[in-house]
Amino acid sequence: KLKALRRRFPKLCVDIRGKGLMIGMEFPTDAIGYEIAKGLFDNGVLVAGTLFSAKTIRIEPPLTITHAEMNAGLTAIEKVFKDVNAKHFEAKKIPVRK
């Protein structure tokens with residue numbers, strides 16, 4: 001599901017990689033990575049940056065995570081991706097004067 005989100009938001013999410021529940025999400029800049037991390041944290045998804053930057057953030061849920069909790073996390077990730085993508089990558093509509 002995360003790879004499907006990456007395909008939907010190719011300018012926002014550069015890569016998703018990892019094994020099992022340890023997932024890394026990479027973004028084009030540190031600022032966007034930080035914005036995604038903050039949005040996820042505000043929506044109840046705990047993430048962490050990597051040692052040197054926020055360009056790549058990690059998701060490391062506990063092994064006891066339930067399917068319902070995973071689905072809630074995926075819903076939050078999709079919401080934050082939509083919000084940040086709209087802010088940075090969707091064309092702004094300029095009103096036409098008549």
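## Helix packing

Helix α2 (residues 30-42) packs against α3 at an angle of about 140°, and their axes lie 9 Å apart. That angle makes α2 oblique to α3 (angles under 35 degrees count as roughly parallel, over 145 as roughly antiparallel, 65 to 115 as roughly perpendicular and the rest as oblique). Axes here are lines fitted to C-alpha atoms, for helices over the stretch in contact, with angles running from 0 to 180 degrees between N-to-C directions. The crossing of α2 past α3 is right-handed, meaning the near helix is turned clockwise from the far one by less than a right angle.

This is a predicted model, in which local features need pLDDT of at least 70 and side-chain atom pairs count only at pLDDT 80 or more, while totals for chains, interfaces and linings use all residues. Residues are numbered from 1 along each chain as its sequence is written, and side-chain values use heavy atoms, leaving out hydrogens and water.

## Overall layout

The C-alpha trace spans about 60 × 30 × 25 Å along its principal axes.

## The sheet

The four strands form an open antiparallel sheet in the order β1-β2-β4-β3, where two strands pair if DSSP finds at least two bridges between them. At the edges sit β1 and β3 (48-49), each pairing on one side only.

Strands β1 (residues 15-19) and β2 (residues 22-26) run antiparallel and are joined by five bridges; Gly-18 faces Ile-23 in β2. Two residues separate the strands of this hairpin, and Gly-20 has a positive phi near 60° there.

## The largest pocket

The largest pocket holds about 540 Å³ of space. A pocket is an open set of points on a 1 Å grid over the protein atoms alone where a 1.4 Å probe fits, with protein on both sides within 12 Å along at least five of seven lines; lining residues have an atom within 4 Å of a point. Grid points are joined across faces, edges and corners, and the volume is the space filled by probe spheres set on them.

Twenty residues line this pocket, with Ile-59, Pro-61, Ile-65, Met-70 and Gly-73 nearest its centre. Helix α3 gives the largest share of the lining, six residues.
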